Amino acid sequence: MASESKSSKNFVTRRSNGGGAAPDAIRERISIPNLRAAFKGQVIAPGDVDYDAARTVFPGGIDRRPGVIIRVADANEVTQVIALARESEMELAVRSGGHSAVGHGLSEGGIVLDLSRMKGLQIDPEQRTAWAETGLTAGEYTNAAGAYGLATGFGDTASVGIGGITLGGGVGYLVRKYGLTIDDLLAAEVVTADGQILRADPETNPDLFWALRGGGGNFGVATRFKFRLHDISQFMGGILILPATPDVIAGFIAEAEAAPDELSAIANVMPAPPMPFLPAELHGKMIVLALMAYTGDVGTGERVFAPFRALATPLADMVRPITYPQMYQPEDESYHPTAAAHNMFIEKVDRSVAETVIAHLQASDAVMRVAQLRVLGGTMERVPVDATAFAHRQARIMVNLAAFYNGPEDQAVREAWVKDFAAALDQGNPGVYVNFLGDEGNKRVQAAYPGSTWARLAAIKARYDPANLFRLNQNIPPAEKES
Ligand SMILES: Cc1cc2nc3c(=O)[nH]c(=O)nc-3n(C[C@H](O)[C@H](O)[C@H](O)COP(=O)(O)OP(=O)(O)OC[C@H]3O[C@@H](n4cnc5c(N)ncnc54)[C@H](O)[C@@H]3O)c2cc1C
């Protein structure tokens with residue numbers, strides 16, 4: 001437990017939402033010493049030695065100072081924190097892996113419910129299922145399941161929390177073969193705004209289960225997920241780097257679309273970073289840095305990769321038989337970039353679209369800039385659109401545009417570039433994937449939930465969180481009651 005400090009005696013000094021102090025009785029009860037006595041988990045307050053580390057999230061430039069960070073030990077403690085937030089009316093942030101692009105896992109002045117100590121994982125290799133607590137990262141889960149030759153697909157980065165990625169959908173290296181992360185979600189344990197610990201699965205609270213699969217953190221705090229696991233004992237993958245000409249980019253996307261579902265590819269079109277395995281004369285030249293993932297035997301894998309390798313002489317080819325967890329690249333914990341970014345879906349990348357991509361990347365001088373193209377389809381597409389709250393099942397290609405910036409002036413320049421780039425690529429689909437959404441306003445949150453999805457989510461929100469306690473997120477306000 002962190003040491004107590006003067007400044008942490010009583011954390012209810014300001015409230016982040018609406019003014020006024022919390023009622024005296026509550027204030028007394030929730031002083032830091034009392035909280036420390038009440039929780040088995042860790043209570044971290046301003047002034048504690050580990051406060052700054054505990055309020056650091058993945059994206060840079062987010063400098064919020066929560067009143068208290070509570071690293072809960074179990075679902076009962078989640079209930080306690082929720083009661084505290086409800087009664088004190090302090091803003092509540094819920095944090096799993098801390099990768100929200102806009103720092104939704106951190107509150108200014110409020111309470112952070114930090115799940116990072118809840119890392120229980122029970123793998124049943126016979127049934128090929130796992131119960132996982134939501135403080136686990138994708139990498140921790142993947143390594144543990146990988147020891148059995150099994151996997152559930154998350155995203156492309158090990159340090160992302162399974163809490164956030166699962167609740168938003170989960171698009172990763174197995175998306176075409178096994179669908180989104182939520183397509184392998186069999187059940188969840190959730191603490192709702194009224195403090196109940198509920199199970200959600202196709203039979204129990206099915207409306208909640210539907211909403212959790214794409215609707216983000218709007219409906220409660222997920223404490224455990226039950227996932228399906230797949231045999232991943234035969235696997236090939238790694239980085240393939242090709243020169244980024246219009247023909248190579250368009251050809252790459254065509255091959256990824258034609259490939260069997262066993263192949264999922266993420267193509268990053270960008271100026272070559274100074275990677276040690278690339279000759280110095282290539283640094284800064286336009287490349288396609290592709291992350292290739294093939295689930296199957298090596299002989300067939302080689303045949304599937306051949307057309308990609310034939311697009312141009314590879315500048316680097318590290319695609320080989322590996323274990324699935326090896327897909328996750330090593331990470332630097334001190335890496336906290338500030339980036340302007342935009343997520344969108346498009347239908348096609350032909351030669352003309354590829355030329356647009358290259359032209360925009362060449363027109364910027366951001367130290368790091370990228371157009372990331374992910375070919376979707378496969379199993380993800382075969383799940384009915386209304387089966388879950390993630391409704392972009394028919395989208396062909398997901399695009400992430402990003403440029404790093406340094407300081408507010410640079411930020412404005414990079415944001416304008418990203419906006420312009422997105423407009424040039426727009427093919428008429430206004431949708432966005434909620435997990436890559438920034439602080440972009442209510443209209444864009446609605447765009448994450450097309451058709452009837454938004455209204456259905458708002459109705460479920462009204463049932464499970466009528467007072468919008470869980471609002472520090474890509475928020476779906478509760479539907480108004482019909483009079
Ligand atoms: C470097 C990087 C790579 C990424 N790659 C991918 C990718 O390949 N595929 C993909 O699909 N996404 C990807 N993402 C996006 C990622 O899925 C989202 O940012 C996700 O929200 C992060 O989850 P987290 O738990 O780490 O974040 P947090 O900041 O901890 O949580 C984000 C929000 O999710 C909600 N939340 C989290 N856990 C819970 C819980 N247990 N119960 C209730 N609500 C909860 C809360 O509202 C919280 O504010 C990436 C993000 C980054 C930064």
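Modeller: Strands (E, at least two residues) and helices (H or I, at least four) are DSSP runs numbered from the N terminus, and two strands pair if DSSP finds at least two bridges between them. This is a predicted model, in which local features need pLDDT of at least 70, side-chain atom pairs count only at pLDDT 80 or more, and totals for chains, interfaces and linings use all residues. Residues are numbered from 1 along each chain as its sequence is written, and side-chain values use heavy atoms, without hydrogens and water.

Colleague: In what order do the five strands lie?
Modeller: The order in this open sheet is β5-β6-β10-β8-β9, with antiparallel pairing. Because β5 (121–124) and β9 (197–200) each have a single partner strand, they stand at the edges, and one side of each lacks a neighbour in the sheet.

Colleague: How many bridges join β6 and β10?
Modeller: Five bridges link β6 (residues 129–133) to β10 (residues 221–228) in the antiparallel sense. F225 in β10 is the bridge partner of A132.

Colleague: Which strands does helix α5 touch?
Modeller: Helix α5 (residues 138–146) packs on the sheet and touches β5, β6 and β10. Its direction makes about 35° with that of β5; axes are lines fitted to C-alpha atoms, for helices over the stretch in contact, and angles run from 0 to 180 degrees between N-to-C directions.

Colleague: Now to E255: which residues is it in contact with, leaving aside neighbours within four places in sequence?
Modeller: E255, found in helix α9 (residues 246–258), is in contact (heavy atoms within 4.5 Å) with P307 and F308.
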